[in-house]
Amino acid sequence: PALVDVLHRNRELWTALADDCRSPGNRLAEPLRASIISLALWVDRHTSAIVRGEGQIEDLNEINRIVMDGLEPRPAEAA
């Protein structure tokens with residue numbers, strides 16, 4: 001049950017990101033918006049596979065880690 005709750009919350013996060021990218025007021029570049037939406041769709045499908053016992057949670061962890069690393073400010077940007 002705890003794993004299902006965590007998976008659900010992660011899916012909610014990615015759904016919110018995709019919804020924001022679909023918003024007409026979103027000012028991110030179109031290719032980046034499309035990539036985020038694509039990742040969100042993959043997360044949704046992969047989450048369902050994990051719940052069915054057909055997927056690995058490590059794949060979700062890796063995607064989340066990559067995105068977090070990409071959002072981390074670089075030393076020159078932090079100043």
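Analyst: R22 and D19 join their side chains in a salt bridge, with N and O 3.0 Å apart, a salt bridge being a side-chain nitrogen of Lys or Arg within 4 Å of a carboxyl oxygen of Asp or Glu. The two residues, R22 and D19, sit 3 residues apart in helix α1, so about one helical turn separates them; helices here are DSSP runs of H or I with at least four residues, numbered from the N terminus. R22 is partly exposed at a relative accessible area of 45%, and D19 is partly exposed at 43%, where buried means under 20% relative accessible area, exposed over 50%, and partly exposed in between, with a 1.4 Å probe and protein chains only.

The model is a predicted one, in which local features need pLDDT of at least 70 and side-chain atom pairs count only at pLDDT 80 or more, while totals for chains, interfaces and linings use all residues. Residues are numbered from 1 along each chain as its sequence is written, and side-chain values use heavy atoms, with hydrogens and water left out.

Across the whole structure, a search finds 4 salt bridges. One of them pairs R11 with D44, whose closest N and O atoms are 3.2 Å apart. Because R11 lies in helix α1 (residues 2-22) and D44 in helix α2 (residues 30-51), this pair ties together parts that are 33 residues apart in sequence. R11 is partly exposed at 24% relative accessibility, and D44 is partly exposed as well, at 32%. A further salt bridge links the side chains of R52 and E54 at 3.0 Å from N to O, and both R52 and E54 are exposed.

N64 counts as buried, at 18% relative accessibility.

As for the setting, the protein chain has 4 helices and 0 strands, and buried residues make up 24% of its 79 residues. Its C-alpha atoms fill a box of roughly 45 × 30 × 20 Å along the principal axes.
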